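User: I am new to this structure and would like to go through it in short questions. Please show it first.

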Amino acid sequence: MLDWFAFLWAETVIALCVIAVVLAGVRTALRVDDGPDGEAADMSGPCGTGDLGPASGQ
């Protein structure tokens, strides 16, 4: 019985960590990058779609 509870506890910790990583990734992906003047930066130019910011042009 103790082994079963230890396994369940470990699975819960892993599930919470995965949820935290997914939420952090979604927040990062949805964040609007501000330009130097406070307006949203236009990433639709030669850098690609802007999904990855300046790194998408590499």
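User: Which residues make the nonpolar surface patch of about 470 Å²?

Analyst: This is a predicted model, where local features need pLDDT of at least 70, side-chain atom pairs count only at pLDDT 80 or more, and totals for chains, interfaces and linings use all residues. Residues are numbered from 1 along each chain as its sequence is written, and side-chain values use heavy atoms, without hydrogens and water. The patch here is made by Ile 14, Val 18, Val 22, Val 26 and Leu 30.

User: Is Val 18 buried, partly exposed or exposed?

Analyst: Val 18 lies in helix H1, residues 2-30; helices are DSSP runs (H or I) of at least four residues, numbered from the N terminus. Buried means under 20% relative accessible area, exposed over 50%, and partly exposed in between, with a 1.4 Å probe and protein chains only. Because its relative accessible area is 47%, Val 18 is partly exposed.

User: What backbone oxygen does the side chain of Thr 28 reach?

Analyst: Thr 28 is also placed in helix H1. Its relative accessible area is 45%, so Thr 28 is partly exposed. At 2.8 Å, its side chain reaches the backbone oxygen of Ala 24.

Note on methods
Patches are made of residues with over 30% relative accessible area and no salt bridge: like charges are joined within 9 Å, nonpolar side chains (Val, Leu, Ile, Met, Phe, Trp, Tyr) within 5 Å. Accessible areas come from the Shrake-Rupley method with a 1.4 Å probe; for residues, only the protein chains shown count as cover. A salt bridge is a side-chain nitrogen of Lys or Arg within 4 Å of a carboxyl oxygen of Asp or Glu. Helices (H or I, at least four residues) and strands (E, at least two) are DSSP runs, numbered from the N terminus. A polar contact is a pair of N or O atoms within 3.5 Å; within protein, one must be able to donate a hydrogen and the other to accept it, and residues adjacent in sequence count only if both atoms are side-chain atoms.
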